[in-house]
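This report describes a protein chain and the ligand placed with it.

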Amino acid sequence: VEEYLSEIIQKEGVAHVTLIDPASQKPEEAVRLATEAVAGGTNAIMLGGSTDAGGQLLDLTAKMIKENVSVPIILFPGSTSGFTTNADCVLFMSLLNSRDPHYIVGNQMLGALTLYKTGMESIPMAYLVCEPGGTVGWVGDAKLLPRAKPELAAAYALTGKYYGMRYTYLEAGSGADSPLPPEMIGTVKHVLKDSVLIVGGGIRDGKAAAICAKAGADIIVTGTAIEKADDVKALTAEIVMGAKMGKKA
Ligand code: 1GP
């Protein structure tokens, strides 16, 4: 999955991932969202959520999406319960700016042997939650990174990189009023250089995706806007196109 995404980033400049929270709808509806998003050009489906996103509902949602779409399914776990074998890859993430060690290393330790036994691909990822942070900021007890202090986000991103994390996820929180500022994205990408930068939270249209991609995002994540869209395929296509245009600009 990591290689697949790298190739897309190399070829297209940017990749797009659709986030589906298994707790937000029935598995059949999640399949509809995933199928239409893939038709609109999304490159992978990411499954996860901060609360209630695990167990049987996750197992079934992942299984049904896998049976119906051809793109990879990536787990984005909020805790050990966010793991299922019905996926292709897991983001082995650490919420570096949490005040709670459970979200930095504790849940990871509890899930490590399970992951080892399955042999599933995992990608080490620094997860950085910025203002306003949304539910994940609250649940993960994040010391929210201020939007006006990009250098703090860059310091955390470098910390992750020096630890060997190949992905960095700059998160505004699902449903944020606005995407992260381009200055913050740009400052983080500048220090990360070739490491992959994911940006998500509050990206709702092609224009916003273009700004994030131009600023330095390698992967754009959209969840809420796609979950709520009347025409999922059309909105995904607009966001994917916007991101690509932004990268070329
Ligand atoms: C949340 O960054 C993602 O983890 C997506 O955010 O739901 O606002 O698109 P949105």
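The largest pocket is the space that the ligand takes up. The model is a predicted one, and the distances below were computed from its atoms.

Which residues are around the ligand? They are Leu19, Phe76, Tyr169, Glu171, Ser174, Gly175, Gly200, Gly201, Gly202, Thr222, Gly223 and Thr224. Sorted by class, this shell contains three nonpolar residues, eight polar residues and one charged residue.

| Residue | Polar atom of the residue | Distance to an oxygen atom of the ligand |
|---|---|---|
| Ser174 | side chain | 2.6 Å |
| Gly223 | backbone | 2.8 Å |
| Gly201 | backbone | 3.0 Å |

In Ser174 the polar atom belongs to the side chain, whereas Gly223 and Gly201 each use a backbone atom. On its own the ligand has 310 Å² of accessible area, and the protein covers 97% of this.

The chain as a whole comes next. Ten helices and eight strands make up its list of secondary structure elements. Its radius of gyration is 16 Å, close to the 18 Å that the globule rule gives for 249 residues, so the chain is as compact as a globular protein of that length. The C-alpha trace spans about 40 × 40 × 30 Å along its principal axes.

Two loops contain a backbone detail. In the loop between strand E5 (121-129) and helix H5 (134-139) is Pro132. The peptide bond that leads from Glu131 to Pro132 is cis, and its omega is near 5 degrees. The other detail concerns Asp52, in the loop between strand E2 (44-47) and helix H3 (55-68). Asp52 is not a glycine, yet its phi is positive, at about 65 degrees.

Note on methods
Residues are numbered from 1 along each chain as its sequence is written. This is a predicted model: local features need pLDDT of at least 70, side-chain atom pairs count only at pLDDT 80 or more; totals for chains, interfaces and linings use all residues. Side-chain values use heavy atoms; hydrogens and water are left out. A residue is near a molecule or strand if one of its heavy atoms lies within 4 Å of it. A polar contact is a pair of N or O atoms within 3.5 Å; within protein, one must be able to donate a hydrogen and the other to accept it, and residues adjacent in sequence count only if both atoms are side-chain atoms. Accessible areas come from the Shrake-Rupley method with a 1.4 Å probe; for residues, only the protein chains shown count as cover. On a 1 Å grid over the protein atoms alone, a cavity is a set of points where a 1.4 Å probe fits but cannot get out, and a pocket is an open set with protein on both sides within 12 Å along at least five of seven lines; lining residues have an atom within 4 Å of a point. A molecule sits in a cavity or pocket if more than half of its atoms lie within 2 Å of its grid points. Ala, Val, Leu, Ile, Met, Phe, Trp, Tyr, Cys and Pro count as nonpolar, Asp, Glu, Lys and Arg as charged, and the others, Gly among them, as polar. Helices (H or I, at least four residues) and strands (E, at least two) are DSSP runs, numbered from the N terminus. The radius of gyration is taken over C-alpha atoms; the globule rule is 2.2 Å times the number of residues to the power 0.38.
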